[in-house]
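Q: Could we go through this model together? I would like to start with the strands and then move to the core and the charged pairs.

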Amino acid sequence: MARLPDFLIIGAQKCGTSWLAAMLRQHSEVYMPDQEIHFFDKAGNYEKGMDWYTSHFARAEDSRRAGEKTPDYFWADGRGGEGHLPDVHRHIHRHLPDVKLIVTLKNPVDRAVSAVKHLIRTGRISPLHRMDDLLAGEKSALLEGFGVFEVGRFFTLLTAYLNLFRRDQILVLFFEEDIVQHPGEGLKKVCAFLGIDDGFRFSGMAQKVNRFDACKLHLIARYYFPILSPVTSVLGRLLPESDYRPGEPVLRHLHGLYHEENRRLFDLLDREPAESWLAT
């Protein structure tokens, strides 16, 4: 019988999912593939069928929890580019109705900024564009199809999943608290949720994963002159990292964009708003 995953880390993107997956891969009672599978969110992969999907868990022993991490799954009804499917949550529920879902969230303003940096670092957006123009100016159309703003609507996306899955099937973690400030306690929550040993000693909890660490020279060369990329990659280690930080007016604009979504999210979770999410 094909092995199905017991849990999915579904996102949100740029909210610590890579760190969480790296930690869980250490656990003796967990099996996770090394790469994101993108089965439920990418049309080309979904068309390959469940046999292709379950083959990624063939090496998992019956005594271990099997899972995968694909943060684009959280964009439930996203109609973006790059082959993203609009019914991700329904696809997951159709095939895995009893699966456990782990959601990590962080201040959606910081998440949007991180998402744009990711697009620049991966060569989808030119590094010559100003962050202000991309996030709230004349270049914002370049972000369409990537979910930069849409994925930060956490209340809307989480509600889409809660309309299909039981509340006890979903664990919500907060990046600032459960990953940055108290990673050990955050991992204990995950272990308890998955029913595995919460006394496991994880290593490297302070390590940052997928951080934005490229200098602007290297980013420009890789985008416009890829033949020079190997040289600028070496030189870039000697130069300061690029600082793609938007200005205060743009940050205030983004805080306003997410204000109502955040209020409804914390009401839904029956907790006080996270101080780190509040506009200053």
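Predicted model: local features only at pLDDT ≥ 70, side-chain atom pairs only at ≥ 80, totals over all residues.

The conversation below takes up strands, packing and salt bridges in turn.

Q: Is E1 largely enclosed or exposed?
A: In E1, 5 of the 5 residues are buried, so the strand is largely enclosed by the rest of the structure. Buried means under 20% relative accessible area, exposed means over 50%, and partly exposed lies in between (1.4 Å probe, protein chains only). Strands (E, at least two residues) and helices (H or I, at least four) are DSSP runs, numbered from the N terminus.

Q: How many bridges join E1 to E3, and how many join E1 to E4?
A: E1 and E3 run parallel and are joined by 3 bridges. E1 and E4 are also parallel, with 4 bridges. Two strands pair if DSSP finds at least two bridges between them.

Q: Which residues stand opposite phenylalanine 7?
A: Phenylalanine 7 faces glycine 67 in E3, and its bridge partner in E4 is lysine 100. Leucine 8 stands opposite glutamate 68 in E3.

Q: What about E2, which strand is it joined to?
A: Strand E2 (residues 30-31) runs parallel to E3, and 2 bridges join them. Valine 30 has arginine 65 as its bridge partner in E3. As for burial, 4 of the 5 residues of E3 are buried, so E3 is largely enclosed by the rest of the structure.

Q: What does its side chain reach?
A: The side chain of threonine 70 reaches the backbone nitrogen of isoleucine 37 at 3.3 Å. Not counting residues up to four places away in sequence, threonine 70 touches Ile9, Ile10, Glu36, Ile37, His38 and Asp41; contact here means heavy atoms within 4.5 Å.

Q: Changing topic: which residues touch the most other members of the largest nonpolar core?
A: That core has 41 residues, and Leu8, Phe40, Tyr73, Phe74 and Tyr161 touch the most other members. Elements giving two or more residues to this core include strand E1 (7-11), helix H4 (88-95) and helix H7 (154-162). The largest share, 6 residues, comes from H7. A nonpolar core is a set of buried Ala, Val, Leu, Ile, Met, Phe, Trp, Tyr and Cys residues joined through side-chain atoms within 4.5 Å.

Q: What is leucine 8 in contact with?
A: Leaving aside neighbours within four places in sequence, the contacts of leucine 8 include Phe40, Tyr53, Tyr73, Ile92, Leu101 and Ile102.

Q: How many residues of H1 are buried?
A: In helix H1 (residues 17-24), 7 of the 8 residues are buried, so the helix is largely enclosed by the rest of the structure. Trp19, Leu20 and Met23 are among the buried residues.

Q: Now the charges: how many salt bridges are there?
A: The count comes to 12 salt bridges, where a salt bridge is a side-chain nitrogen of Lys or Arg within 4 Å of a carboxyl oxygen of Asp or Glu.

Q: Which residue pairs with arginine 124, and at what distance?
A: Arginine 124 forms a salt bridge with glutamate 82, and the closest N and O atoms are 3.2 Å apart. The pair links distant parts of the chain, 42 residues apart: arginine 124 is in the loop between helix H5 (108-121) and helix H6 (131-136), and glutamate 82 is in the loop between E3 and H4. Arginine 124 counts as partly exposed at 33% relative accessibility, and glutamate 82 counts as partly exposed at 46%.

Q: And lysine 189, which residue does it meet?
A: The side chains of lysine 189 and aspartate 178 meet in a salt bridge at 2.7 Å, N to O. Lysine 189 lies in helix H9 (residues 183-194) and aspartate 178 in helix H8 (residues 175-181), so the pair ties together parts that are 11 residues apart in sequence. Aspartate 178 is buried, with a relative accessible area of 5%, whereas lysine 189 is partly exposed at 41% relative accessibility.

Definitions and conventions. Residues numbered from 1 in each chain as written. Heavy atoms only, no water. Polar contact = N/O pair within 3.5 Å; in protein donor to acceptor, adjacent residues only side chain to side chain.
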